[in-house]
Amino acid sequence: MARESYETHDYDVVVVGAGGAGLRAGIEAHDKGAKTAIICKSLLGKAHTVMAEGGIAAAMGNVWPEDNWKVHFRDTMRGGKLLNNWRMAQIHAQQAPDRVLELEEWGALFDRTDEGLILQRDFGGHRYARLAHVGDRTGLEMIRTLQQRTVALGIDVYMECNIQHLLMNDGRVTGVLGYWRESGDLISFNCKSVVLATGGSGKCWQVTSNSWEYSGDGMGMAMEVGSDLIDMEKVQFHPTGMVWPPSVRGILVTEGVRGDGGTLLNSEGERFMFNYIPEFFKAETADNEAEADAWYQDKKNNRRTPDLLPRDEVARAINSEVKAGRGTEHGGVLLDIAGRRDAEYIQRRLPSMYHQFKELADVDITKEAMEVGPTCHYIMGGIRVDADTSATTVPGLYAAGEVAGGLHGANRLGGNSLSDLLVFGRIAGGSAADYALGAAASPAPDPAEVDRLTALMLEPFTDRGDENPYAIHSDLQRTMHNLVGIIRTESEMLKALEEIAVYKDRAARVKVEGGRRFNPGWHLALDLKSLLGVAEAATLSALECKESRGGHTRDDYPDPDPKFGTVNVVTRRQDGSVSVSLEPLPEMPEELKKIVEEQV
């Protein structure tokens, strides 16, 4: 049999993913002198980052001079239920303001205060208004700015190029292997270091804000070569996704709606969030409607509204209201800003939300409430990385953004995702460049290994069965939604593992028709590998974690357990199967413990 031909390129650093983290990593690697390539599964500018609407969390102190990195650090740690990697949270809080100002220097346009400073808005879990924003289109502006910077620097970008495997030799990464989505032709990149910036894995779930690219590629590839994953059970269900009509179910409704005055109501018209304020936040959260209204009108009283509690708290509250029969007819709750803000304010502050509901749901949010409910949005877990370098446990491999775990702990605060991309994208790109430029000549990829992986990629075209990749994906999403969703139990998760094992057997018998030229069935057949791998890791981790904390809620273990408050749940692939272990979190220094414990 003749060897399959494939296109080959040579670089120092290859960045897989072109969202905020990938573009920032590529820029930094290039600026350090490394020959750099950025590879994106879709089109440049199509990254999931554009869907981040509310803003970039950074303690710049433009609205509240009292704000500083220590308060941001405390909010992040508390929001994450203290399961965060403390060093990542510290670096993030300290460096985020500089990254926002850097973005502004590169041409980003932000909303302004009366004094001409970058305006910052309120968001759930943040003590002060600290989200730098551009209306409700901040992610789009961020991508536009980084994209233009990338093009201006002349960095090579490979669009609609799907990377499927990391190439290894002598225990280190030596390149990546994939294919062109349009032609189906194979392509390999030889390099000294790789940055994974591929985002999350929301397409494992049925109701999700994530687009088709979010199939867990980076996590799957990292596991394949022996990298650790941590806390994969910590899945954030954003409390407010669109519930109706069905065609747009799950599309995100920015937290900025609540930050700008929107309130959550059940079908009885009650502001139910006052019934769900946890002890952890009672001291700093308004406990009656008058206090909450005063907070919106005059935020100097230092009491936030319960509508802006961390996302896990709000999502569970909505879920409880719906289960108690106080939801809307379509299975959600109401989010009302029309009764609190005038039409001009709403259209100016929330233009995307206004047009989204008007065009997609025929709802005018300046006149009526929105129907919203929890939607799978973000994975707090991911590839284990070193806080100061973003290095994984595999030499030459780095990760940044949602694909990497550690920063957000058990629950991510809104706005921390965009600053995460900027801070750790820069760190990952710089570290990968330092590694590549300081390394001796990289060993070439093993030809036999390339041939083996190539054969795996082309297997769906062989006569090996009649399974349909779309049917398997649909079944997997239903399993994860019903059995490993926002509320979990041991019996249901054991059933999920049985079903995932069946889907893996079915995936080995997938057959696709036609040729390789833009064949969506083949693309999904290949994505099933990572989708099934990540789903299994998330379910095994959730089964092991016998408590409820942050984005992980067990109906059979409803309370936090101190045993799990100081450990990461680690999953790794060994001898063809996934193992799970509990490993201690890094010890936080005393001076940072005092910051976290400070009563405010």
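Which residues does phenylalanine 424 touch, not counting residues up to four places away in sequence? In this predicted model, local features need pLDDT of at least 70 and side-chain atom pairs count only at pLDDT 80 or more, whereas totals for chains, interfaces and linings use all residues. Residues are numbered from 1 along each chain as its sequence is written, and side-chain values use heavy atoms, with hydrogens and water left out. Phenylalanine 424 touches Met88, Ile91, His92, Ala387, Ser390, Ala400 and Leu407, contact meaning heavy atoms within 4.5 Å. The residue lies in helix H11 (residues 416–438), helices (H or I, at least four residues) and strands (E, at least two) being DSSP runs numbered from the N terminus. Phenylalanine 424 counts as buried because its relative accessibility is 2%, where buried means under 20% relative accessible area, exposed over 50% and partly exposed in between (1.4 Å probe, protein chains only).

Strand S9 (residues 172–180) has nine of its nine residues buried, so it is largely enclosed by the rest of the structure. Strand S8 (residues 161–169) runs antiparallel to S9 and is joined to it by eight bridges, pairing requiring that DSSP finds at least two bridges between two strands. These strands form a hairpin with two residues between them, and aspartate 170 in the turn has a positive phi of about 55°. S9 also pairs with strand S10 (residues 186–190), in the antiparallel sense and over five bridges; in this hairpin, which has five residues between the strands, glycine 184 takes a positive phi near 80°. Valine 176 of S9 stands opposite leucine 166 and opposite phenylalanine 189 in S10.
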